[in-house]
Amino acid sequence: MRIDVPRPLQAFARIFFDAGFCCYFVGGAVRDSLLGRKAADWDAATDARPEDVLKLFRKVIPTGIQHGTVSVRWQDALIETTTFRIDGHYADGRRPTSVQFSDDLAADLSRRDFTVNGMAVDPRSGQLIDLFGGLADLKAGIIRAIGDPLARFGEDGLRPLRAIRFATRFHFTIDPATLAAIPRCLDSFRQVALERVREEFSRTLLCDQPSHGLQLLEQSGLLGEFLPELCLGRGLAQGDYHAFDVFEHSLLAVDAAPLDLTLRLAALLHDIGKPASFSRDQAGVIHFYGHEQISATLASSVLRRLKYPNHVVEAVAHLVRHHMFDYSPDWSDAALRRFVAKVGLASLPTLLQLRLADASGLRGVKADPRPLLAMLDRVEALVAADNAFTVKDLAIDGHVLSCLGWPKGPAMGRVLQELLELVLDDPTMNTVERLSLVAEKLKSKHGVDQA
Ligand code: ATP
Ligand code: MG
């Protein structure tokens with residue numbers, strides 16, 4: 001089997017060979033080329049030491065020099081170049097069958113996580129170097145640990161999560177022995193920094209069908225380790241309108257959500273407060289009163305625990321808090337303006353997408369987007385007509401109010417809010433004259449001395 005190594009990368013490798021070193025491309029790029037996908041990054045492995053690489057190239061960034069990795073700026077690309085690592089275990093007695101590589105390359109490949117990630121290509125000939133049956137696994141669609149999965153997962157507890165991420169990304173299965181090792185290695189998973197867990201998890205959520213990975217995470221016990229709140233939805237019935245339990249419904253909602261991390265997280269967590277808000281009335285009807293608020297609070301704490309940045313936590317919580325609305329064309333313009341004022345104009349499109357994903361997750365059938373698109377059109381018309389949605393859009397501001405004799409302070413904020421309420425109801429009120437008159441009348445109510 002041969003792989004077409006792009007010419008610039010062949011030229012890159014030649015510099016190593018000309019200087020008496022060797023250089024192979026390894027890992028993801030080899031796998032992706034064999035899958036017929038465009039390889040994102042070509043990672044190189046070499047027997048040259050980082051200090052040798054620094055001498056061979058003009059532009060080298062010492063990204064992870066203590067691990068033997070430097071990034072070489074080569075034409076338009078940055079090529080991660082790693083010195084063969086000899087710390088890994090030797091590949092259980094297996095020896096290369098061809099002669100185009102050194103033992104060091106074999107050792108380097110054997111320390112890699114999965115057979116499909118453990119292949120290399122010789123850039124001079126394009127020859128594939130496949131010591132662990134990676135090509136066969138790629139063809140069969142299998143993620144399989146290199147060597148003994150228990151030992152490999154014991155060395156690095158992140159690998160189980162990576163196995164699931166790759167299975168999700170390529171719609172692969174996980175080899176039974178590899179899968180069976182996951183629940184037995186939860187101790188080493190617990191040692192992994194949450195930032196690394198978060199990265200793998202996010203990447204799984206950004207696959208085209210994350211439910212595949214989420215099922216695997218649940219079945220293997222991993223989800224229970226880092227997101228036990230979500231597991232509580234398993235088996236939680238939802239009443240007549242829902243075909244699925246809360247867990248399955250959340251997974252379908254994630255699949256239906258657009259490829260955006262905030263939206264995917266919001267879809268996953270939008271009902272996470274349902275187990276805590278479950279009740280059944282005397283007629284036997286199931287309710288989840290206030291679940292969106294509980295879900296928003298829980299979603300924040302889950303995401304903070306997983307070290308998501310604040311802006312992600314806040315955006316997700318906001319979407320979750322407001323995900324329950326039932327737009328219908330008979331909403332008045334005033335009702336629509338109030339809704340936009342509550343959720344914020346900027347988050348409206350995302351919120352509508354979450355609503356659609358949620359609706360699609362009810363029965364696993366894509367929801368009709370037209371009613372919500374019509375809602376968006378109406379909002380756009382209101383924006384075009386210069387309707388106010390926030391205090392900032394009002395014809396008067398704090399400065400005008402203080403000219404009218406309002407002291408700076410909380411009362412001013414309250415009156416602006418009150419004026420906004422009026423304007424949301426009736427946009428024709430939004431003029432300096434009219435709002436000034438109203439503000440004057442409101443003075444006594446807010447304990448401000450009349451002029
Ligand atoms: P992606 O396209 O997602 O980046 P990749 O295969 O390039 O896929 P990386 O995380 O960039 O994945 O890692 C590059 C290579 O390094 C992998 O293909 C694998 O050979 C090896 N590798 C990465 N992480 C580990 C790990 N935790 N244990 C063992 N080998 C690993
Ligand atoms: Mg990569």
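Q: How far is the sulfur of Cys 207 from the closest cysteine sulfur?
A: The distance is 19 Å, to the sulfur of Cys 231, which is too far for a bond. This is a predicted model in which local features need pLDDT of at least 70, side-chain atom pairs count only at pLDDT 80 or more, and totals for chains, interfaces and linings use all residues. Residues are numbered from 1 along each chain as its sequence is written, chains are lettered from A and ligands numbered from 1 in the order in which they are written, and side-chain values use heavy atoms, with hydrogens and water left out.

Q: How many disulfides does the structure hold?
A: The structure holds 0 disulfides, a disulfide being a pair of cysteine sulfur atoms within 2.5 Å. Cys 23 is in none, and its nearest cysteine sulfur belongs to Cys 22, 7.6 Å away.

Q: Is Cys 23 buried or exposed? And Cys 207, buried or exposed?
A: Cys 23 is buried, at a relative accessible area of 0%. Cys 207 is buried as well, at 6%. Buried means under 20% relative accessible area, exposed over 50%, and partly exposed in between, with a 1.4 Å probe and protein chains only.

Q: Changing topic, at what angle do α15 and α18 pack?
A: Helix α15 (residues 261–269) and helix α18 (residues 310–321) pack at about 50°, with their axes 9 Å apart. Helices are DSSP runs (H or I, at least four residues), numbered from the N terminus. Axes are lines fitted to C-alpha atoms over the stretch in contact, and angles run from 0 to 180 degrees between N-to-C directions. The two helices are therefore oblique to each other; angles under 35 degrees count as roughly parallel, over 145 as roughly antiparallel, 65 to 115 as roughly perpendicular and the rest as oblique.

Q: Which residues make that contact?
A: From α15 they are Thr 262, Leu 265, Ala 266 and Leu 269, and from α18 Val 312, Ala 315, Val 316, Leu 319 and Val 320. Contact means heavy atoms within 4.5 Å.

Q: What about α23 and α24: how do their axes cross?
A: The axes of α23 (residues 410–425) and α24 (residues 432–442) cross at roughly 130° and come within 11 Å. That makes α23 oblique to α24.

Q: Which residues meet there?
A: Val 415, Glu 418, Leu 419, Leu 422 and Val 423 of α23 meet Leu 435, Val 438, Ala 439 and Leu 442 of α24.

Q: Finally, where does Arg 363 lie?
A: Arg 363 lies in helix α20 (residues 348–363) and is partly exposed, at a relative accessible area of 47%. Arg 363 and Asp 397 are 34 residues apart in sequence and 48 Å apart in space, C-alpha to C-alpha.
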